[in-house]
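I opened the file this morning to look up strand pairing, core packing and ring pairs. My notes follow in the order I took them.

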Amino acid sequence: MGGPNKRISTNFIIIATIAVLAAVVGVLAVLNMQRAEGKLQQASQKEIIVTASGQTAATITSQDLGSIKVQEFSAVQKSNGKSPIERTFKGAALIDVLEFKGVFVSDSAQVVLSSIDGYAVTLSAAEVADRDNIWLAWEMDGTALDENSGPYMVVVRKDAFSQRWAKQLCEIIVK
């Protein structure tokens, strides 16, 4: 039968645990805010960082994209239970962009696409090598991508539900 001392020690443990958890959440929030600010600045400069073998291999800029084969392509966008919409995009095959920057995807590689908000999607080398499937887009339906989708978005044309599209792309990691 616990007396007052047992209640005090139990309350102290609970309060101490809550205080430690609050401190950890505060530190993580500050770190995440710093990371997000860096990603937003990168997006405002319209740059995509390419990392290979754990090191920065290239930076893709809007000037680079003007130097490669740009095409219009269509893809069906389906989201949040809405009816599918056929969209027209302006962009380039992701493999062409990577190769233009001197980054080559081996057969065993995985390519991770990372967005400003922390969303990430992993693609296989075979998917990326398919020039008709994975596209880096910067215009949709004749206008530049807005801040909610761009400045760059990866469109996976063969994804029936548009779940593997990466809006606000800021980093490409080749593993």
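How many bridges join strand 1 to strand 10, and do these strands run parallel or antiparallel? I found four bridges, and the two strands run parallel. I note here that the model is predicted.

**Entry 1: strand 1 and its partners**

I then checked the other neighbour of strand 1. Strand 1 (residues 47-52) is joined to strand 2 (residues 55-61) by six bridges, and this pair runs antiparallel. I picked Ile-49 to follow across the sheet. Its bridge partner in strand 2 is Thr-59. Its bridge partner in strand 10 is Glu-171. Further along, I found Ala-52 opposite Gln-55 of strand 2.

I looked at the turn as well. The hairpin of strand 1 and strand 2 has two residues between the strands. Ser-53 in this hairpin takes a positive phi near 55°.

For my own reference: strands in a sheet pair through backbone hydrogen bonds, in parallel or antiparallel fashion.

Five strands make up an open sheet, in the order 2-1-10-5-6, with mixed pairing. Strand 2 and strand 6 (120-124) are the edges, and each of them pairs on one side only. From one strand to the next, the twist averages 20°.

**Entry 2: Gln-110**

I went to Gln-110, which sits in strand 5 (residues 110-115). Is Gln-110 buried, exposed or partly exposed? I read a relative accessible area of 41% for Gln-110, so it is partly exposed.

I listed what Gln-110 touches, leaving out residues up to four places away in sequence. The residues are Thr-122, Leu-123, Ile-173, Val-174 and Lys-175. I also checked one distance. Gln-110 and Leu-123 are 13 residues apart in sequence, and their C-alpha atoms are 5.8 Å apart in space.

**Entry 3: the nonpolar core**

I looked up the largest nonpolar core, which has 41 residues. Phe-89, Leu-113, Leu-136 and Ile-172 have the most contacts inside this core. Strand 7 gives the most to the core, with six residues.

I followed Ile-172 and set aside its neighbours within four places in sequence. Its contacts include Ile-48, Ile-49, Val-50 and Thr-51. Val-111, Val-112 and Leu-113 are also among them. Ile-60, Leu-94 and Leu-98 are in contact with Ile-172 too.

**Entry 4: aromatic pairs**

I counted ring pairs with centres within 6.5 Å. The count is three aromatic pairs. Why is the pair of Phe-73 and Trp-135 stacked? The ring centres of Phe-73 and Trp-135 are 4.4 Å apart and the planes are at 20°, so the pair is stacked. Phe-73 belongs to strand 3 (residues 71-77) and Trp-135 to strand 7 (residues 134-140), so the pair ties together parts 62 residues apart in sequence. Phe-73 and Trp-135 are both buried.

I took Phe-89 and Trp-165 next. Their ring centres are 5.7 Å apart with planes at 75°, so I logged this pair as edge-to-face. Phe-89 lies in strand 4 (residues 85-93), and Trp-165 in the loop between strand 9 (153-156) and strand 10 (169-174), so the pair ties together parts 76 residues apart in sequence. Phe-89 and Trp-165 are both buried.

Note on methods
Residues are numbered from 1 along each chain as its sequence is written. This is a predicted model: local features need pLDDT of at least 70, side-chain atom pairs count only at pLDDT 80 or more; totals for chains, interfaces and linings use all residues. Side-chain values use heavy atoms; hydrogens and water are left out. Rings of Phe, Tyr and Trp (its six-membered ring) pair if their centres lie within 6.5 Å; planes under 30 degrees apart count as stacked, over 60 as edge-to-face and the rest as tilted. Buried means under 20% relative accessible area, exposed over 50%, partly exposed in between (1.4 Å probe, protein chains only). Two strands pair if DSSP finds at least two bridges between them. Contact means heavy atoms within 4.5 Å. Axes are lines fitted to C-alpha atoms, for helices over the stretch in contact, and angles run from 0 to 180 degrees between N-to-C directions. A nonpolar core is a set of buried Ala, Val, Leu, Ile, Met, Phe, Trp, Tyr and Cys residues joined through side-chain atoms within 4.5 Å.
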